[in-house]
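Have the viewer open as you read.

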Amino acid sequence: MLPKKMKAAVLHEFGKPLSIEEVPVKPPKDNEVVVKVVACGVCHSDVHAANGEWPIKPKMPLIMGHESIGYVAAIGADVKNLKEGDVVGIPWLNGACNCCHYCGQGRSALCVDQQNSGYTVDGGYAEYVTANAAYVARFPQGGFNFTEMAPVLCAGITVYKGLKVSGLNPGEWVGISGIGGLGHLAVQYAKALGYRVAAIDVDDSKLALAKEVGADITVNASKQSPDDFLKKEIGGVHGMLVTAVVNEAFSQTLRAIRPGGTMTMAGIPDGALPVSVFDACMGEIIVRGTLIGTRTEMQEAIELALQGKVRTRATGAKLEDINDILPRLHQGKITGRVVLEISDPL
């Protein structure tokens, strides 16, 4: 039986600290499940949400968090594919219309009527979270670390999709720009897909982490030009996945791409990317954005993590620590990922 109240971190005003408070636990609608949260990752997108930085604003008040994982605690009347006690994850995509052109193609991330966890609907910075049963991720009952697995639900899925759409072949070089919560996972997914990896950052400790998780070469962009270094050392990269959230990272690494290559943008800073039309045409360079993957890609990314080919460098924290975590994340002072540990695994 669901409790009437739960503890949650609630955003009431952009740019202000979250409030730790008691809020009602709502029963599930017919197509929903309520999940008892074990762990929820803290994503840089949560910084954008907390500060109201994106053009489309989140609902208010808001419980953020779109990397939550836990146990099904209640199911709606129409839910047939889940039962209480199942282990599920609640990703960014919390639901879509299922009838538009994009949903029909399996590209629900482009649906204009989608719902997003921790943005348009309440998320996992709480003891319980509600989700559309058709969009949750599936996990086995045990055999994995909940704290390490939670960030796969956004950071992992995002970089896995970004690498897949880059059109690379095994053995080719991919640059990973920004070795943070997404980037250190991107290095591992790239290696699992058979690519050679050049890691780019401005922090030597993060580049050391990149080497530790499999990067073949690294370059500190604050000390030398990534494009000059990569062209000299390996002839440039075949593709570049930018997970950094500073504009300089995009223009700085674009020139490191070989002719015919692709820049895939996963980080979302404020601003624009200056692109030389001449250089892009002469080199047939593709510049593209990427969103979260399909539900199939989500399960593929999770499976690689369950196999141990990808592991999050995660630091556990309490829900009450969130107002210390978000500023450090915004300042780039977190290596790997911080995950809120809400309850104990069964």
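How much space lies in the second largest pocket? In this predicted model, the answer is about 690 Å³. The lining is made up of 28 residues, and those closest to the pocket's centre are Lys26, Glu32, Val121, Asp122 and Thr130. E8 supplies the largest share, with five residues. Sorted by class, the lining has 14 nonpolar residues, eight polar ones and six charged ones.

A search through the whole structure turns up one cavity of 30 Å³ or more. The largest cavity holds about 80 Å³ of space. Its lining consists of Pro91, Trp92, Leu93, Tyr135, Leu153, Ile157, Ile292, Gly293, Thr294, Arg295 and Met298. Eight of these lining residues are nonpolar, two are polar and one is charged.

Is H1 mostly covered or mostly open? Mostly covered: seven of the eight residues in H1 are buried. Those seven are His44, Ser45, Asp46, Val47, His48, Ala49 and Ala50. What do they pack against? The buried residues of H1 pack against E3, H11 and strand E17 (337-341).

The pairing with H11 is worth a look of its own. The axes of H1 (residues 44-51) and H11 (residues 322-330) come within 9 Å and cross at roughly 105°. An angle from 65 to 115 degrees counts as roughly perpendicular, so that is how H1 and H11 sit relative to each other. From the H1 side, His44, Asp46, Val47 and Ala50 take part, and they meet Leu326, Leu329 and His330 of H11. By class, this contact has four nonpolar residues, two polar and one charged.

H11 also holds Arg328. With a relative accessibility of 37%, Arg328 counts as partly exposed. Setting aside residues up to four places away in sequence, Arg328 touches Lys333 and Ile334. Arg328 and Val47 are 281 residues apart in sequence, yet their C-alpha atoms are 10.0 Å apart in space.

In the loop between H1 and E4 you will find Pro61, and the peptide bond leading from Met60 to Pro61 is cis, with omega near -10°.

**Tyr71 in strand E4**

Tyr71 is in strand E4 (residues 68-75). Is Tyr71 buried or exposed? Its relative accessibility is 6%, so Tyr71 counts as buried, given that the cut-off for buried is under 20%. Which residues does Tyr71 contact, beyond its neighbours within four places in sequence? One group is Val34, Val35, Lys36 and Val38; another is Gly85, Asp86 and Val87; and the rest are Gln141, Phe146, Pro345 and Leu346. The C-alpha atoms of Tyr71 and Lys83 are separated by 9.5 Å, and these two residues are twelve apart along the chain.

**Two loop residues with positive phi**

Asn98 has a positive phi of about 65°, and Glu284 has a positive phi near 50°. Asn98 belongs to the loop between E6 and helix H2 (101-104), while Glu284 is in the loop between helix H9 (277-282) and strand E15 (286-289). At 47% relative accessibility, Asn98 counts as partly exposed; at 61%, Glu284 counts as exposed, since the cut-off for exposed is over 50%.

Here is how the accessibility values line up for the residues discussed above.

| Residue | Relative accessibility | Class |
|---|---|---|
| Tyr71 | 6% | buried |
| Arg328 | 37% | partly exposed |
| Asn98 | 47% | partly exposed |
| Glu284 | 61% | exposed |

Definitions and conventions
Residues numbered from 1 in each chain as written. Predicted model: local features only at pLDDT ≥ 70, side-chain atom pairs only at ≥ 80, totals over all residues. Heavy atoms only, no water. 1 Å grid on protein atoms, 1.4 Å probe; cavity = no way out; pocket = protein on both sides within 12 Å on 5 of 7 lines; lining within 4 Å. Points joined across faces, edges and corners; volume = space filled by probe spheres on them. Helix = DSSP H or I, 4+ residues; strand = E, 2+ residues; numbered from the N terminus. Nonpolar A, V, L, I, M, F, W, Y, C, P; charged D, E, K, R; others polar. Axes fitted to C-alpha atoms, helices over the stretch in contact; angles between N-to-C directions. Parallel < 35°, antiparallel > 145°, perpendicular 65-115°, else oblique. Contact = heavy atoms within 4.5 Å. Buried < 20%, exposed > 50% of the residue type's maximum accessible area, 1.4 Å probe, protein only.
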